[in-house]
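Here are some exercises to work through with the model open beside you. Try each task before reading the solution that follows it.

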Amino acid sequence: MHDERRRIEERVERVHNQRIRPAIYSATVPLEVEAWQAPGEPVSFEEAAAARYQPFAMDTPWGPPWGTTWFRMRGRVPAEWAGRRVEAVIDLGFVGDWPGNQAEALVHLPDGRPLKAVNPLNQYVPIGNPVSGGEEIDYLVEAASNPDILADNFSRTTRLGDVLTAGDKPLYTFQRADIAVLDEEVWHLDLDIQVLRELMVHLGEHEPRRHEIMHALDRAMDALDLDDISGSAAAVREVLAPALARPAHASAHTVSGVGHAHIDSAWLWPIRETKRKTSRTFSNVTSLADEYDDFIFACSQAQQYEWVRDNYPHVWARIQESVKKGQWAPVGGMWVEADGNLPGGEAIARQLIHGKRFFIEHFGVETKGVWLPDSFGYTAAYPQLAKLAGNEWFLTQKISWNQTNKFPHHTFWWEGIDGTRIFTHFPPVDTYNARFSGEEMDRAVRNYSEKGGGTRSLAPFGWGDGGGGPTREIMERARRLADLEGSPKVVVEHPDDFFAKAREEYPDAPVWVGELYLELHRATYTSQARTKQGNRRSEHRLREAELWATTAALHAPGYVYPYEKLDRLWKTVLLHQFHDILPGSSIAWVHREAEAEYARVAEELEALTAEAVAALGAGGTRVFNTSPFDRAEVVRTSEGAPAYVEVPASGSAPLTDAQPAQSVKVAGRVLDNGLVRVEVAQDGTLSSVFDLRANREVLADKGNLLRLHTDLPNYWDAWDIDKHYKNRYTDLLDADAVAVVEEDPLRGAIRVTRSFGKGSQVTQTITLRAGSPRIDFETEIDWHEAEKILKAGFPVDIRAPHSSAEIQFGHIQRPTHTNTSWEAARFEVSGHRWVHIAEPGYGVAVINDSTYGHDVSRTVREDGGTTTRVSLSLVRAPRIPDPEADQGRHRFTYSLLPGASIEDAVAEGYSLNLPLRVADAAGAPEPVVSVDGDGVTVEAVKLADDRSGDVVVRLYESGGGRATGVLRTGFPLAGAQVTDLLERPLQDADVTGDGGVAVALRPFQVLTLRLRRAEGS
């Protein structure tokens, strides 16, 4: 047989694209269109309905950046169309096929009910199937003219990312608003050809099935009348029917499809636009559910449901009905799809608590899995927290983006830092926006790592990264691929069903231990530093407010615990932990609003904490310690003078004239407190840090060396830092001034000021306090660089085989060498409040109050000693998608802690992030809880969410070993229970004879206790 593949394939492609697709709509009549440009921010339907509209013609430019234009569309279905399937077809002037980053619209009926959205590949609005003829059409269409932020493919910056700088030039040209007859036979023929053609080109050239399909398509083209596509479509489909009827092989892989519409809660659009995106996408989804009984849609992010509930009650009612019918599957059980590395441990717990409770309360559904397809790596604390919230499985896809190493599994058990395992799946289709294309189905099978152990994988399908969701065309593809030779079998089902089947067939799946590190997007640990600082400060302020509100509720008559305010503030912080807000990868508008929100949160939490402390009584000065560790340190009084205080963990103490054993001495550029001696060089770096207790020099070279690197990644500016950044840098060694600014027996400080680059300036106050070896670097930066990253390095004279970095409820160890490509790929990593390096007998910690990114490396010196260098990433200057990212002023503190154990790092990490509070208070209540025993660390103290008055305490083992202790209460205890994260009882706790609670924890175990107060207490 002659090889005619090229002729046939080119023939099919041309006829399909140029003749069949244009014939899908067989007749059209235009709608009459009028327009009204809403001023400023979006308006309600009622306001839009009452507005005065002007005639509007097709091919007219419309839509300034971030604007809203309402279109009134009217028409009548021709009487001669009776019995046909008729739709409205609307093209706003769409660019490309991505529905999430351009014009979008929501179609309303005259009474205000949202009907359906229109997007680039979902432009229709159903009118009738069939119509009677003569139906009146009257729509109000809310069209958003959102700019295409990434139109230049990262080649240049844009000011379109903020309404304040975007201008008012119209972005789009309206193309079409018609009433049209859908020729169903041609539409189905189009889909038949799509599925067969894509399957054909992804089969091997040696496969008989490929040639069978090719010749079937050739015969189909012969049967097609190019002058009468509609009239011959049925006959053409009959020619193709045998090729579509051939069943899949018995051993064919099974792809479990679940509808999905990944809606970033903010990214290339502000939060206000996401609220509208949810209504558009969810209208599309519920409309599709009415068309396809076998359709199932999985949707996460309780926050987005709440927006719809509050703003679009008609859409909310449709969602509730779809859930009852089993077509809508709430998943994920989190408030938002949060970043997987940066939120604190308690914050991740609250993400799960608030998310799962929302779905239970509003749908009667308890979600079973964590659904995080698009976060930028995942903390090793997740398995335990997920299981403690009642989850059974974990799903993500993002690790397929690895820059260097291919992750070896798709279905596996993921083991966290405490030993908890959770059944985990990475869809081998390598996308969470699948369309069941031939390429995707081929990749899913070819890529699947568990061949021989498992036979199935999951594919989230639908348009995402901004919404849109599944379309009827995707559902039709799924039906054709349900049992088709040469393709995996496709079944649309609930993700819980997929995970149950996958686990049943592969219970002994391989185990992955530790973090799921994404070898990409490493700069998300640093970009938009003020957003990250806002998150860190908010998390600790929430802890403080809850502790002292609980203390006041127990000890201050008449004080009312602020349940509603704390709930609202937590949800605000959780929203901003979304995986494109907290990582710093959103447009300027998003981060401008985030900074303002964090300021409001700080102000309100400060007021709540002050109110709680004041309720304990006035008439004296007391110092309040929110940390779970006893503290003896120097504070500033309300008059600004330093004072030395000793305060119990989670308690308070009066401000006294106590003095430490040794005072601080300042001599020239040397600070000495009897524990450490710090020498500041003329260039402002540390020339020596001598640990007087251990009689050893800590530094191997200049300490606190600020290094300015060129930072232009290959792609994804705000997201990525590529390894070549290390090759070009400038050490900032020219100090403008080095001067002693504080000389007191309790505090000594030297200030260093530097100017550099394009008008940037760094001012650092290096402070040593009496009684503590911790050296603080209070830093102010006025930053005006572009495509740079500033790091602070500490070359330490320690041979450390690994570094330890705090993560949620524990820490993780990472090698300092690069023996393998996996280790080399971790050239920038995340951590929370501290990084620790050590050799046997001696360690050093670097602590911070708002920094997440860092790197640790080591070299061997000529003298044979080893230098282990810890460098904190302080601030970056990416220009896409926000050209002003990180510009301006920053204030933060990091610290060097010589002679530190892990336990010291944990305690000082809390101390730096939870400053002692000096307040006018006379009451001296006992701490709500205290712990006898090392390693048992209190993370949260609050009243139970059910308002029973019970006290809830979250503990964890913080050192990485076993820990035992007794939890004691500052109130009469009537009983105690171990609960899950949602405060539901699991078992009775072990109450001791003297009224304490015995605690025994494995390494990094998290334990939630519910403590019942005795009556009258």
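**Exercise 1: a serine in a helix**

At 0% relative accessibility, serine 283 counts as buried. The model you are looking at is a predicted one.

Task: find which helix holds serine 283, and which backbone oxygen its side chain reaches.

Solution. Step 2: follow the side chain of serine 283, which reaches the backbone oxygen of serine 279 at 2.7 Å. Step 3: look at the surroundings. Leaving aside residues up to four places away in sequence, serine 283 touches Leu106, Pro114, Leu115, Lys116, Ala117, Val315 and Arg318. Step 4: return to the burial call. The cut-off for buried is under 20% relative accessible area, so serine 283, at 0%, counts as buried.

**Exercise 2: an enclosed strand**

Task: work out why strand β2 (residues 32-38) is described as largely enclosed, then trace its pairing with β5 and with β3.

Solution. Step 1: count the buried residues. In β2, five of the seven residues are buried, so the strand is largely enclosed by the rest of the structure. Step 2: turn to strand β5 (residues 67-76), which pairs with β2 in the antiparallel sense over seven bridges. Here tryptophan 36 has tryptophan 70 in β5 as its bridge partner. Step 3: turn to strand β3 (residues 54-55), which runs antiparallel to β2 and is joined to it by two bridges. In β3, glutamine 54 is the bridge partner of alanine 35.

**Exercise 3: one glutamine, two partners**

Task: which residues stand opposite glutamine 977 in β56 and in β53?

Solution. Step 1: strand β52 (residues 973-979) and strand β56 (residues 1006-1013) run antiparallel, with six bridges joining them. The partner of glutamine 977 in β56 is arginine 1010. Step 2: β52 also pairs with strand β53 (residues 985-988), antiparallel over three bridges. There, aspartate 988 stands opposite glutamine 977. Step 3: inspect the hairpin of β52 and β53. Five residues lie between the strands, and glutamate 983 takes a positive phi near 65°.

**Exercise 4: the open pockets**

Task: describe the linings of the largest pocket and the second largest pocket.

Solution. Step 1: the largest pocket has a volume of about 1,300 Å³. Its lining has 45 residues, and the closest to the centre are Arg769, Ser911, Leu912, Pro915 and Leu916. Step 2: strand β24 (residues 631-636) gives the largest share of this lining, six residues. By class, the lining has 15 nonpolar, 11 polar and 19 charged residues. Step 3: the second largest pocket has a volume of about 860 Å³. Of its 32 lining residues, Arg21, Leu121, Asp190, Gln194 and Glu473 lie nearest the centre. Step 4: α3 gives the most to the lining of the second largest pocket, five residues, and by class that lining divides into 12 nonpolar, seven polar and 13 charged.

Conventions:
Residues numbered from 1 in each chain as written. Predicted model: local features only at pLDDT ≥ 70, side-chain atom pairs only at ≥ 80, totals over all residues. Heavy atoms only, no water. 1 Å grid on protein atoms, 1.4 Å probe; cavity = no way out; pocket = protein on both sides within 12 Å on 5 of 7 lines; lining within 4 Å. Points joined across faces, edges and corners; volume = space filled by probe spheres on them. Helix = DSSP H or I, 4+ residues; strand = E, 2+ residues; numbered from the N terminus. Nonpolar A, V, L, I, M, F, W, Y, C, P; charged D, E, K, R; others polar. Buried < 20%, exposed > 50% of the residue type's maximum accessible area, 1.4 Å probe, protein only. Polar contact = N/O pair within 3.5 Å; in protein donor to acceptor, adjacent residues only side chain to side chain. Contact = heavy atoms within 4.5 Å. Pairing = 2+ DSSP bridges.
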